[in-house]
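Look over the structure first, then read the points below.

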Amino acid sequence: MIDLRSDTVTRPTAAMREAMARAEVGDDVFGDDPTVNRLEAIAAERFGAEAGLFFPSGTQSNLAALMAHCARGEEVILGQDAHTYRYEGGGAAVLGSIQPQPLANRADGTLDLDMVAAAIKPDDSHFAVTRLLALENTIGGKVIGRDYLASAVTFAWKKGLSTHLDGARIFNAAVKLGMPVNLLCAGFDSVSVCLSKGLGAPAGTVLVGHKALLDKARRIRKMLGGGMRQAGILAAAGLHALERHVDRLAEDHDNAAKLAEGLASAGYEVEPVQTNMVFARVPAERCAVLKEHLAAAGVTAIVTPRTRLVTHLDVDADGIAKAVAAFASFRS
Ligand SMILES: *Cc1c(COP(=O)(O)O)cnc(C)c1O
């Protein structure tokens, strides 16, 4: 099957499984797992950060980061489309008692900093204390460039806000821009980096940032049930991914561009593609039948009026050609 539902569907490669099988392990809650420690150190170094902390999921990493930045009753400003606001079960509010202040994302995925300024609450007992600005890159497959990120972190610094970047797909952005992640993310207090998306690990996210912040996040991770024991088995997959699967993200971007081109030629309305996500229009009443048609042709997709198709490690150029043919034969 050609599975275009998400870049989370990748299976560990044979080489990755071998690295996992060979991993030296210890009890990470005691800080004893050498492979986890190595992953955290290497991730921190890549990002020019003081420290790293390994999490089972990106949702938990974002939540622990937000809780480390914000105390109960404090506020985070973020985008309406941000994963941390929209797709994490409201965890920051439910478990962190953090008030979200969502703002509309602009078409390019950024937040208008004048709107952010206007949303910062005055120091007055009526209001929550605005503490944090959280951004996301890539967001909906769109790359946010360094100029904007630099202006956002400078803005936040001037306003006394901390900054968090949900960089679940930050390597897609970095590869697309041809810029190392330490430059792209410079100035952020914390960055959450998924290893289980396009990088192809079976699970795991690293949070990188200041040592003092990550010390707090470590305590929160334990409270959230994210303290894992011989987690080196998973960290080994993450290390392998960081070493072998970053540069190849360019192939996913090429495949997404080919997929978009093929769909457009077949008559679909397709949004411009930046990284590994393609968005195509499908009439609402045709979604269910198209999904069936694709499945019969060996293509798994979530088909909605704005269908999102995601390329990844387990889909090659042949797979893309097959997917294009399946979409095209539905139309004709
Ligand atoms: C996938 C994702 C997450 C959360 O990752 P999980 O490991 O699925 O919990 C966070 N942010 C963004 C932008 C993501 O795409």
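By class, how many nonpolar, polar and charged residues are in the lining of the largest cavity? The count is 5 nonpolar, 3 polar and 2 charged residues. The model is predicted, so keep that in view throughout.

**Cavities**
- Searching the whole structure turns up 4 cavities of 30 Å³ or more.
- The largest cavity has a volume of about 60 Å³.
- Its lining includes Gly140, Gly141 and Lys142.
- Glu271, Pro272, Val273 and Gln274 also line the largest cavity, as do Met277, Val278 and Phe279.
- Two domains contribute to this lining: domain 1 (14-244) and domain 2 (248-331) each supply at least three residues.

**Ligand site**
- The largest pocket is the space taken by the ligand.
- Residues around the ligand include Ser57, Gly58, Thr59, Asn62, His83 and Glu88.
- Glu136, Asp166, Ala168, Arg169, Cys194 and Lys197 also surround the ligand.

**Polar contacts and cover**
- Thr59 places a polar side-chain atom 2.6 Å from an oxygen atom of the ligand.
- Asp166 has a side-chain N or O atom 2.6 Å from a nitrogen atom of the ligand.
- For His83, a polar side-chain atom lies 3.4 Å from a ligand nitrogen atom.
- On its own, the ligand has 380 Å² of accessible area, and the protein covers 83% of that.

Technical notes:
Residues are numbered from 1 along each chain as its sequence is written. This is a predicted model: local features need pLDDT of at least 70, side-chain atom pairs count only at pLDDT 80 or more; totals for chains, interfaces and linings use all residues. Side-chain values use heavy atoms; hydrogens and water are left out. On a 1 Å grid over the protein atoms alone, a cavity is a set of points where a 1.4 Å probe fits but cannot get out, and a pocket is an open set with protein on both sides within 12 Å along at least five of seven lines; lining residues have an atom within 4 Å of a point. Grid points are joined across faces, edges and corners, and a volume is the space filled by probe spheres set on the points. Ala, Val, Leu, Ile, Met, Phe, Trp, Tyr, Cys and Pro count as nonpolar, Asp, Glu, Lys and Arg as charged, and the others, Gly among them, as polar. Domain bounds come from an automatic or database domain assignment. A residue is near a molecule or strand if one of its heavy atoms lies within 4 Å of it. A polar contact is a pair of N or O atoms within 3.5 Å; within protein, one must be able to donate a hydrogen and the other to accept it, and residues adjacent in sequence count only if both atoms are side-chain atoms. Accessible areas come from the Shrake-Rupley method with a 1.4 Å probe; for residues, only the protein chains shown count as cover. A molecule sits in a cavity or pocket if more than half of its atoms lie within 2 Å of its grid points.
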